[in-house]
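Biologist: I am new to this structure and should like to understand the reasons behind its description. May I put some questions to you?

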Amino acid sequence: MTYQADPKRVKGLIFGHAVGDALGVPVEFVGRGELKSNPVTGMRGHGTYDMPAGAWSDDTSMTLCLLEALTRDRRGDYRGLMERFLRWKNEGAYTPTGVTFDMGGATRRAISRFEYGTDPLLCGGDRETDNGNGALMRIAPLVPYLFVRFGSHLPAGAMEFVHDIAALTHRHPRSLIACGIYVCIAVQLLRGRSPRKSVWLGYRHAREYYQSANESFRKEWKIYDRLRDNDAFAALPEREIRSSGYVVDTLEAALWCLLTTTDYESCVKRAVNLGEDTDTVAAIAGSLAGLTYGFDAIPEDWLKVLLKREELMQAVEAFLGTLVDVSEEEVLLMGMGKEDLVRGILSDPHSWGFIEEWQGRYGVTNYSDYWGKSSLSADDLTERLREDRVSRYDEFQCQVLFTTLLREDHWNNGAWEKRWEKGEPQRVLRRMLAIWGEYVK
Ligand SMILES: [Mg+2]
């Protein structure tokens, strides 16, 4: 029952992204007016970062980190992905020249938090000022990953996965929604639909999800209102399109370029020549155009100079190899929203499928660091499970506590059974449901 992703579109997605990035790097931060008199028409060297022609930047480096993590790691191993980001930040890994450059502030802060022991899912900044495009620019590999499992209509569990990946560096709901909209539209393109129809359907699927989600999502959703009517949006004059590093501007600019052109080359040229955050806008527009028109539509002249082309192709091929043979059970469980998952465990404590899915999503939580000690005794745990304490925990604390409970039973020592009889795990699960209920109110 899984879906097939066209390899040419998947290669188009990743190479379209890298080529757009590389076209934009030499003119990052250059204004639109200046580019009008000297527009980018192909790969240039030097400029803003004095890099050779064909050098791609943070956008593609971090995309490559995700691509490799999705290929090699267990789903939910956010620690593994953060460790790749760390090697990129500190060691120049995943870069075309061995030098890390063009790192956004929110991204740098998030990776540093991880470096100093923060749990991956809490590393991203969640203030309104943390809404740069740093999560959106690295999310592309999720598109084929989710498409082969769910087709073009993503269930709650898939949306939550997008949010978790985004939250590693950018945790504000506005950034999470931008990534959600991008993925919802892109899976339509991967299915072979036109840009116009994809934006229309993808936006509506996203709206359906966010408007029934929690209050903060519903409130933030309005910010993306210009995308509601894709024809009116596409008809906006260029002066109405901002191409800054603010996530809303970047998403709009990339979609506008996609909707107003009919081939890969003109789409990314338009994106770069909007100016300002040229590499990221062109990378995102390029990923969407690459999905739409396929790898063969990317000019060979540009691919020829793209640095580390072979390595990128190997990474994409390896990733493509993992997109087959996905089990139906995995798809079913992964598609479940966390609320349904918790209800599933509550209704049957022996439902190991639900419990394993929980562990897959949150099991890498560094609970020992969180509790401030390397291990938690049974008495310590019992103390933390007291009703009056549980009722004050937030969602993350509940996640940590529940994961700790499951770990206690690691050797099938019967601990889980005993605690279930005492009603302790249920207390944590019910607290989570209450928190999500509170969000909705
Ligand atoms: Mg960049």
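Modeller: The questions below concern a predicted model.

Biologist: How do you know that the length of helix α9 agrees with its number of residues?

Modeller: Helix α9 has 17 residues, 195-211, and at 1.5 Å a residue these should span 24 Å. The end C-alpha atoms of α9 are 23 Å apart, which agrees.

Biologist: Which residues of α9 are buried, and what puts them on the same side of the helix?

Modeller: The buried residues are Pro195, Ser198, Val199, Gly202, Tyr203, His205, Ala206, Tyr209 and Tyr210. Their arc around the axis is only 165°, and therefore they lie on the same side of α9. The face turned away from that side carries the exposed residues Arg204, Glu208 and Gln211. Among the elements covering the buried residues are α7 (156-167), α12 (247-259) and α14 (278-293).

Biologist: What makes the phi of His46 worth a remark?

Modeller: Most residues other than glycine have a negative phi. The phi of His46 is near 65°, a positive value, and His46 is not a glycine.

How values were computed: Residues are numbered from 1 along each chain as its sequence is written. This is a predicted model: local features need pLDDT of at least 70, side-chain atom pairs count only at pLDDT 80 or more; totals for chains, interfaces and linings use all residues. Helices (H or I, at least four residues) and strands (E, at least two) are DSSP runs, numbered from the N terminus. The expected span of a helix is 1.5 Å times one less than its number of residues. A residue is buried if 20 or more other C-beta atoms lie within 10 Å of its own, exposed if 12 or fewer, and partly exposed in between; C-beta atoms are placed from the backbone. The arc is that of the directions from the helix axis to the C-beta atoms. Two residues are in contact if their C-beta atoms, placed from the backbone, lie within 7 Å.
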